[in-house]
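Subject: Structure handover

Hello,

Here is the structure we talked about. Please open it and keep it beside this email as you read.

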Amino acid sequence: MLEELFSEESIYLEVEGSDFSEVLENVAKELDVKGYINEGYVESVLEREKVFPTGLEFPKYCIAIPHTDSKFIKKDAIAVVKPKNKVFFRDMATNYKDLEVSVFLLLLISKNENQVKVLSSVIRNFADEDFYNNILQSNDKKQILNIIKNKEI
C-alpha cells in the first residue's frame with residue numbers, strides 16, 4: 001500500500017529556502033498545482049509542527065515527517081523533499097533540540113485513520129541507514145523512486 005504513495009512527480013530535489021517554512025512554501029506551490037493539497041495546507045503544517053514537531057533522530061542522521069490534518073489533503077501521496085540546504089526541525093521525542101535535516105517527507109494522507117500506519121512504515125524504512133544514504137546521495141527522481149520501490153515497504 002505504501003509504495004503506491006510515492007511517485008516521481010512528488011519527489012522534490014534541491015528545493016530553495018533558508019528554512020523549513022520557505023522550502024515548504026516552494027514545494028506546496030507545486031503540490032497545489034498538481035492537485036494534492038487544499039488551501040491552508042502550509043499554515044496548518046507549520047502550526048502543527050510548532051506543537052507536535054516531526055524531527056526524528058537516528059544515530060548518524062536525522063529526517064522529519066511533517067504532516068497535518070487530512071482535511072487539507074486532496075490526493076494521497078508521500079512527497080520526498082531534499083532541500084538545497086539543510087533545514088532544522090525540533091525533535092519529535094522531546095521537542096527540546098533542533099535537528100539538521102537533509103531529507104524530509106511530507107505525508108499527504110486524506111484519511112486520518114491511515115496516518116499512523118503510513119508514519120510507522122516510513123519510520124521503519126528510513127531507520128535503514130543504507131536506504132537513507134542511497135536517497136541522500138541520489139539527485140535523480142527515477143533513481144530515488146527505484147530505491148523506494150525496491151525496499152520492501
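Which residues of β4 are buried on one side, and which on the other? Ala77, Ala79, Val81 and Pro83 are buried on one side. Ile78, Val80 and Lys82 are buried on the other. Both faces of β4 are therefore covered. In total, 7 of the 7 residues of β4 are buried, so the rest of the structure largely encloses this strand.

One caution before going on. This is a predicted model.

**The sheet**

β4 belongs to an open sheet of 5 strands. Their order is β1-β4-β7-β3-β2, and the pairing is mixed. β1 and β2 (55-57) stand at the edges. Each has a single partner strand, so one side of each has no neighbour in the sheet. On average, neighbouring strands are turned by 20° against each other, direction ignored.

Now look at the two partners of β4. β1 and β4 pair in the parallel sense, over 4 bridges. Here Leu13 stands opposite Lys82 in β4. β4 and β7 run antiparallel and are joined by 5 bridges. Ile78 stands opposite Leu107 in β7. Val81 has Phe104 as its bridge partner in β7.

Two helices meet the sheet. α3 (residues 112-126) lies across β2, β3, β4 and β7, and runs at about 160° to β7. α4 (residues 129-137) packs on the sheet and touches β3, β4 and β7. The direction of α4 makes about 65° with that of β4.

**The cores**

In soluble globular proteins, nonpolar side chains tend to be buried together. In this model, the largest nonpolar core has 27 residues. Tyr41, Val81, Phe104 and Leu106 have the most contacts inside it. Several elements supply at least two residues each, among them β1 (11-15), α2 (41-51), β4 (77-83) and β7 (103-108). α1 gives the most, with 6 residues. There is also a second, separate core of 26 residues, which includes Ile63, Val122, Tyr132 and Ile147.

Click on Val81 next. Leaving out residues up to four places away in sequence, Val81 touches Tyr12, Val15, Val23, Val27, Ser102, Val103, Phe104 and Leu106.

One of those contacts deserves a look of its own. Ser102 is found in the loop between β6 and β7. Is Ser102 buried or exposed? Its relative accessibility is 17%, and buried means under 20%. Ser102 therefore counts as buried. With the sequence neighbours up to four places away again left out, Ser102 touches Cys62, Val81, Lys82, Pro83, Lys86, Tyr132 and Leu136.

**Helix α1**

α1 has 14 residues. From its first C-alpha to its last it reaches 20 Å, close to the 20 Å expected at 1.5 Å a residue. Its buried residues are Phe20, Val23, Leu24, Val27, Ala28 and Leu31. They pack against β1, α2, β4, β5 and β7. After α1 comes Gly35, with a positive phi near 80°.

**The record**

An unreviewed UniProt entry annotates residues 4-151 as "domain: PTS EIIA type-2". In the model, that span is 40% helix and 22% strand. Its end C-alpha atoms lie 13 Å apart.

Best wishes

Notes
Residues numbered from 1 in each chain as written. Predicted model: local features only at pLDDT ≥ 70, side-chain atom pairs only at ≥ 80, totals over all residues. Heavy atoms only, no water. Core = buried A, V, L, I, M, F, W, Y, C linked by side-chain atoms within 4.5 Å. Buried < 20%, exposed > 50% of the residue type's maximum accessible area, 1.4 Å probe, protein only. Contact = heavy atoms within 4.5 Å. Pairing = 2+ DSSP bridges. Axes fitted to C-alpha atoms, helices over the stretch in contact; angles between N-to-C directions. Expected span 1.5 Å × (residues − 1). UniProt positions renumbered as here; feature names shortened; annotations may be inferred.
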